[in-house]
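Have the structure open as you read.

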Amino acid sequence: MKGTQKDFPLHSFYGDIYSTYDRVNRVFTFGRDKSWRRKAARELLKAEPDRVLDLCTGTGDFALELARQSSRLSNEPELTGFDFSSDMLMEARRKQEEIQKKKRHAEISFEEGDAGEMPFEDACFDSMGITFGIRNLVYENSNALKHLGEMARVLRPGGQLVVLESSKPLSPLWRVFNNFYLRFILPYLGGLISGNLKAYQYLASSSKNYYTMEEMGKILDVAGFQLIRSRSLFLGSVMLLVLEKR
């Protein structure tokens with residue numbers, strides 16, 4: 001795990017692209033990100049948790065999917081979405097209000113703060129999900145160990161962690177295509193839609209150079225999480241991991 005501090009001002013980047021973030025995600029993933037989040041939410045809710053944290057919630061897509069699926073459960077969990085970007089959280093709250101006008105969903109509490117110093121008690125969550133956000137916390141980040149330690153602190157022993165993230169494909173042929181797409185297409189397409197080329201140059205670069213599924217599993221193992229199940233999606237470009245805190 002690299003320990004170099006990021007040179008990118010992520011707060012300002014996400015503040016600049018929050019209004020187009022969902023649209024670029026749909027384009028970037030060919031519309032598949034919604035189905036991936038549905039799969040991740042099903043995995044997380046299998047354990048029937050009482051309290052759930054959606055870490056790096058962003059514009060709230062995963063938290064809202066959890067709310068949608070948990071509304072069919074006999075015991076709806078308490079859902080919390082946590083992120084450092086006030087602009088992304090503003091968009092998440094707006095989306096929640098729009099959905100609640102149309103149909104009842106489980107309530108979500110969206111909170112702003114630092115993932116390295118979360119304002120939650122020890123072992124207060126039964127399950128935790130992080131979708132396309134752990135990359136920002138650990139990749140070339142000098143606070144990586146602090147972030148992983150906080151994740152372990154707020155999750156109870158035996159609690160589940162579900163990770164959905166970009167992955168480095170094992171297939172050499174697909175990796176060539178994936179790298180070409182991330183280097184020459186996504187940054188400029190995302191920059192065109194959002195108006196912020198630098199933000200999507202960072203996001204594309206961190207996706208292209210991120211860990212394989214096996215490497216990510218080892219990093220989380222050292223942090224105190226035991227891998228239970230793993231699934232490769234989109235020909236290995238995306239990983240879905242289900243882990244348990246020891």
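Below is a short tour of a helix pair, a pocket and a cavity.

## Before we start

Keep in mind that this is a predicted model.

## Two helices that cross

Two packed helices are described by the angle between their axes and by how far apart those axes are. Here, helix H3 covers residues 33-45 and helix H4 covers residues 61-70; they pack at an angle of about 55°, and their axes are 9 Å apart. So H3 counts as oblique to H4, and the crossing of the two is right-handed.

Which residues of H3 and H4 make the contact? From H3 come Arg37, Arg38, Ala40, Ala41, Arg42, Leu44 and Leu45. H4 answers with Asp61, Phe62, Glu65, Leu66, Arg68, Gln69 and Ser70. Sort the residues of this contact by class and you get 6 nonpolar, 2 polar and 6 charged.

## The second largest pocket

Now for some empty space. Rolling a probe the size of a water molecule over the atoms shows where such space is left. The second largest pocket holds about 310 Å³ of space. Its lining is made of Asp22, Arg26, Lys34, Arg37, Arg38, Asp61, Leu64, Glu65, Arg68, Lys95, Ile99 and His105.

H4 gives the most, with 4 residues. What classes do the lining residues of this pocket belong to? There are 9 charged residues, along with 2 nonpolar and 1 polar.

## A cavity inside

How many cavities of 30 Å³ or more does a search of the whole structure find? It finds 1. The largest cavity has a volume of about 350 Å³. It is lined by 27 residues, and those closest to its centre are Phe28, Thr29, Phe132, Ser166 and Ser207.

H2 and H3 turn up again here: together with helix H8 (172-194) and helix H9 (197-208), they each supply at least two residues of the cavity lining. H8 gives the most, with 6 residues. By class, the lining of this cavity has 17 nonpolar, 7 polar and 3 charged residues.

Terms used
Residues numbered from 1 in each chain as written. Predicted model: local features only at pLDDT ≥ 70, side-chain atom pairs only at ≥ 80, totals over all residues. Heavy atoms only, no water. Axes fitted to C-alpha atoms, helices over the stretch in contact; angles between N-to-C directions. Parallel < 35°, antiparallel > 145°, perpendicular 65-115°, else oblique. Left-handed = near helix turned anticlockwise from the far one by under 90°. Contact = heavy atoms within 4.5 Å. Nonpolar A, V, L, I, M, F, W, Y, C, P; charged D, E, K, R; others polar. 1 Å grid on protein atoms, 1.4 Å probe; cavity = no way out; pocket = protein on both sides within 12 Å on 5 of 7 lines; lining within 4 Å. Points joined across faces, edges and corners; volume = space filled by probe spheres on them.
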